[in-house]
Amino acid sequence: MRCALKPSDPAGDLPERTAQSLRELAGGPIARLPQLLEAMVAVGSDHDLPRALGRIAETAASLTGARHAVVSLRHEDGDGPGEPITHGSSPAGEPPAGGSLEVPVRVQGEVFGTLYVTGKGDGDGEEFSDADLQLVRVLATEAGIALSNARMHSAARQRRRWIDGAASVTTALLAGPETGSTTTNALTVVAEKGRELAEAATGAVLLPHAGGGMEVVAISTVLSEAVRTEAHRGRIPPESPVVHQIYAGLAVFSDDFADDPRSISPISRHYGPTMLLPLRSNGRVLGALALCRMSDDRRFSHTERTLGTQFAAQAAVALVLADRHRDRERLAVFEDRDRIARDLHDLVIQRLFATGMLLETARRKALVPEVQEGVGRAVDELDATIQEIRTAIIALQQGPPEAPAGLRTRVLRKAGTATAALGTRPSVQFTGPVDTRVDDISARELLAALGEALAAVTASASAQPQPTRVEIAVDLTAPLPGRRPVIRLTVACPGSAERPVTWERPLQDEPGA
């Protein structure tokens with residue numbers, strides 16, 4: 001079937017009009033589609049948000065013929081503008097004159113910024129077309145996707161860092177004494193790891209103070225030693241609202257701690273963005289973890305606040321577990337000490353005592369004086385050995401090194417300092433409840449007297465070729481005339497011409513006596 005032509009549509013005009021339509025189509029959105037798709041693929045595979053948004057701004061300007069393009073996003077927490085991403089230049093920093101397009105950037109339906117293009121063509125006032133608007137809308141959607149992906153990847157990386165950090169803290173706290181398992185070292189581990197994860201200037205652990213409020217007990221900081229010293233000396237007073245919030249199990253967040261009216265601590269003037277996170281376990285607040293940035297540093301994001309709170313809770317559990325672990329280790333050590341002490345007392349001392357009795361019987365039956373003298377010396381040595389073992393038993397029954405030392409422990413330590421000069425360790429004998437009955441003043445005077453006596457003995461022992469035996473006795477049962485109880489110290493050198501040194505003091509009356 002042939003197509004008839006209208007009289008007003010001569011056949012010669014059809015090829016020209018068809019060619020014009022094709023030229024318009026080729027120069028329209030279809031021609032720009034490959035560049036658009038290429039930009040979308042590049043942006044979708046790039047997790048660096050500033051670079052991806054820069055590519056979107058560049059593509060928007062290129063596809064629409066704009067001389068200036070800007071991607072403006074809100075801050076991550078949504079409460080302020082972020083740093084804009086621009087493409088193209090403009091006179092005196094102002095956008096070019098002419099038409100403009102502004103399209104919202106949405107993330108899951110919520111507006112998080114805009115994509116703005118202006119200055120189409122050569123600046124002759126040319127307006128943007130509907131096709132330009134559709135292209136900008138597509139790029140704004142891609143910007144929203146890039147923003148969502150970048151923040152999701154950033155949150156995942158942060159979460160992994162904080163989880164790994166919490167795991168390393170737990171491992172360090174439970175590792176045992178070879179990594180430092182005392183309470184102070186454990187708290188320092190928490191402060192150091194918290195500061196590292198939060199990218200903060202200072203991390204500190206605060207515990208309740210005996211006089212109320214809270215005090216810094218462990219700190220990790222990049223600031224000067226003077227600030228560290230000031231932090232250790234200072235404390236948050238009990239009337240501070242911060243203390244009330246922490247004791248209530250609530251975290252405290254501040255964008256500028258120096259000017260925060262809730263902070264009345266003198267050390268707060270050094271810091272800006274701050275998190276005070278309760279160390280809480282089983283409903284009980286053990287203390288707080290303070291993570292502080294400098295005044296000109298960025299504030300903590302919502303994600304960082306959440307992860308910091310979770311880290312503090314995990315650290316509190318780790319501290320409790322570490323304390324229980326150390327308690328079990330101490331209990332095992334004490335049980336071993338008790339077993340060794342019982343074995344020494346029930347087996348070794350009894351056998352030595354029995355051997356001494358046999359030797360004493362043999363000495364009495366001996367007819368040769370030299371034999372009697374030799375056996376007598378052997379009996380004396382056995383007696384000294386028994387006393388040494390009793391001293392060792394007493395030492396085994398002392399508390400751990402970090403516990404406050406009783407009088408027994410301090411006497412044993414003082415006696416041990418003379419071992420090198422004497423050539424042998426002095427034997428020490430205690431009689432009575434010296435740890436519980438002797439007051440602090442009498443204990444200090446007794447130790448001073450013991451030090452003077454040992455100094456005199458070691459001075460004379462330095463000229464002797466043989467080791468000097470020293471016997472120390474601390475007796476709580478010896479009475480003064482009138483039957484008043486006293487604490488008596490005797491330092492003697494058996495076999496020496498030196499007279500024993502004796503020191504004694506009356507005891508204070510027992511409470512309720």
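**Close-up views of a pocket and a sheet**

**View 1. The second largest pocket.** In this predicted model, the second largest pocket has a volume of about 330 Å³. A pocket is an open set of points on a 1 Å grid over the protein atoms alone, with protein on both sides within 12 Å along at least five of seven lines; the volume is the space filled by probe spheres (1.4 Å) set on the points. Of its 20 lining residues, Ser460, Thr468, Cys493, Ser496 and Glu498 are the closest to the centre; lining residues have an atom within 4 Å of a point. Helix α13 gives the most to this lining, with five residues.

**View 2. The open sheet.** Four strands form an open sheet of mixed pairing, in the order β11-β12-β13-β14. Strands are DSSP runs of E with at least two residues, and helices are runs of H or I with at least four; two strands pair if DSSP finds at least two bridges between them. β11 (427-431) and β14 (501-506) stand at the edges with a single partner strand each, so one side of each lacks a neighbour in the sheet.

**View 3. The pair β11 and β12.** β11 pairs with β12 (residues 471-475) in the parallel sense over five bridges. Within this pair, Thr431 stands opposite Asp475 in β12.

**Notes.** Residues are numbered from 1 along each chain as its sequence is written. In this predicted model, local features need pLDDT of at least 70 and side-chain atom pairs count only at pLDDT 80 or more, while totals for chains, interfaces and linings use all residues; side-chain values use heavy atoms, without hydrogens and water.
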